[in-house]
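Please brief me on this model.

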Amino acid sequence: MKRYILTLLAMLLALTGCATLELNNLQPQAAELDVLEDEKVTRLADIDFVPVPGFAYTVLLEEGLTGGNKVFYRRFITYDATGDEVHEFVTEAELPRSFPSAGEAREYLTRVTPEKLLLPENTYISDSVHCSWEEEAYPAAVEEEQRISLAALKRLGAVSRLNEFYVIDKNPETLVAAIEETEASIADVADSFVVERTLESLPQSFVYRIRLALPGKMQANKLTEASVSLKYQIDELGNPLHLVLLYSAAFQNGLGDGDMTLLNRMAAFVNEMVDTLKEQLDLFGVNSNNPSLTYSNVTLFYEEEKLPDSLCRKIENR
């Protein structure tokens, strides 16, 4: 039975889840970047980045001309996959003559030596650089293959602050439809579980809870069960006044081989439902690596409690 408990626990632990001035004749300015060494946080004007253990990525902070406009440079901050190394570096490409702008120098390099514009793997382009590219209609074809989006970094837990508002859609129909579609994935075995379900949907408040338990498997007043619950209240603009997503599981001994299939289905359903709710409410930004994500109007927090026979995870605003 211990093998079954560890299998279900392992499955649950796997829940997943412009306008700017052109930079010309500028030397790299360290004052524009605030690296908090103790926390290994890189603070930019609009975003705070943090390391992600097991995943290396880089941020292109700025680009411009230096050395009498004969050197095209790019300044980066990079995060090592160990989660311990955060450092800044500058790349330089010598030019055959002076160029009036960084854009024209970049266009020259694109035609003559495009390899000098190749980015490190998993590079995020900062807003200031991206806006310059948009103003110049620069296609960034050389850089495209190695880029990573802010959404992808947020999902990995690499972003701890965003200068934007977190809001929830006042129309809950899409959320309800997604919940019902996910619930349909266990329709064929629903009668094999003890199921408790609540759904109360209003424009400015929402309550959903589903609990699955194996019938007749109670020991010491406890069941082998898993549950997912979501509650939120929002104001008239969609700002969350209260938001809690809670998912938990409890395990008991004394189960036979015939219960293994149901345990697997229970774990798979919880995984899918949690991912569905995270996707609908954009809650992928917090996890065990990054336990808080601050928006302009709210901070989301992640908590986890693991015991030998239970698991509980929570995402909430405070």
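The briefing below goes from the whole chain to single residues.

This is a predicted model: local features need pLDDT of at least 70, side-chain atom pairs count only at pLDDT 80 or more, and totals for chains, interfaces and linings use all residues. Residues are numbered from 1 along each chain as its sequence is written, and side-chain values use heavy atoms, with hydrogens and water left out. The protein chain holds seven helices and 15 strands. Helices (H or I, at least four residues) and strands (E, at least two) are DSSP runs, numbered from the N terminus.

**Whole chain**

- Of the 318 residues in the protein chain, 46% are buried. Buried means under 20% relative accessible area, exposed over 50%, and partly exposed in between (1.4 Å probe, protein chains only).
- The accessible surface of the protein chain is about 15600 Å². Carbon and sulfur atoms account for 50% of that surface. Areas come from the Shrake-Rupley method with a 1.4 Å probe; for residues, only the protein chains shown count as cover.

**The four-stranded sheet**

- An open, mixed sheet has four strands in the order β6-β5-β4-β7. Two strands pair if DSSP finds at least two bridges between them.
- β6 and β7 (123-125) are the edge strands, and each pairs on one side only.
- From one strand to the next, the twist averages 30°. Axes are lines fitted to C-alpha atoms, for helices over the stretch in contact; angles run from 0 to 180 degrees between N-to-C directions.
- β4 is mostly covered, with ten of its ten residues buried.
- β4 and β5 run antiparallel and are joined by nine bridges. Leu 60 stands opposite Phe 76 in β5.
- The hairpin of β4 and β5 has four residues between the strands. There, Gly 67 takes a positive phi near 60°.
- β4 and β7 run parallel, with three bridges between them. Thr 58 has Thr 123 in β7 as its bridge partner. Val 59 stands opposite Tyr 124 in β7.

**Helices on the sheet**

- α2 lies across β4, β5 and β6 and runs at about 90° to β5.
- α3 packs on the sheet and touches β4, β5 and β7. The direction of α3 makes about 60° with that of β4. Contact means heavy atoms within 4.5 Å.
- In α2 (residues 102-112), the buried residues are Ala 102, Gly 103, Ala 105, Arg 106, Tyr 108 and Leu 109.
- An α-helix has 3.6 residues a turn, so residues three or four places apart point the same way.
- The cover over the buried residues of α2 includes β4 (57-66), β5 (71-79), β6 (86-94), α3 (127-135) and α4 (141-144).

**Aromatic rings and charges**

- The count is nine aromatic pairs. Rings of Phe, Tyr and Trp (its six-membered ring) pair if their centres lie within 6.5 Å; planes under 30 degrees apart count as stacked, over 60 as edge-to-face and the rest as tilted.
- Phe 99 and Tyr 108 form a tilted pair, because their ring centres are 5.4 Å apart and their planes lie at 45°. Phe 99 is buried at 3% relative accessibility, and Tyr 108 is buried at 18%.
- Trp 133 and Tyr 138 form an edge-to-face pair, 5.3 Å centre to centre with 70° between the planes. Trp 133 is buried at 2%, and Tyr 138 is buried at 14%.
- One aromatic cluster is formed by Phe 49, Phe 55, Tyr 57, Tyr 79 and Tyr 124.
- Arg 97 lies over the face of Phe 99, 4.0 Å from the ring centre. The charged end of Arg 318 sits over the ring of Phe 301, 4.5 Å from its centre. A charge sits over a ring if NZ of Lys or CZ of Arg is within 6 Å of the ring centre and within 35 degrees of the ring normal.

**Two single residues**

- Gly 157 is in the loop between α5 (150-156) and β8 (159-162). Gly 157 is buried, with a relative accessible area of 0%.
- Leaving aside neighbours within four places in sequence, Gly 157 is in contact with Val 50, Val 52, Gly 285, Asn 287, Asn 289 and Asn 290. Gly 157 and Val 50 are 107 residues apart in sequence, yet 7.8 Å apart in space, C-alpha to C-alpha.
- Ser 310 is in strand β15 (residues 310-317). Ser 310 is buried, with a relative accessible area of 19%.
- With neighbours within four places in sequence left aside, Ser 310 is in contact with Ala 249, Ala 250, Phe 251 and Glu 305.
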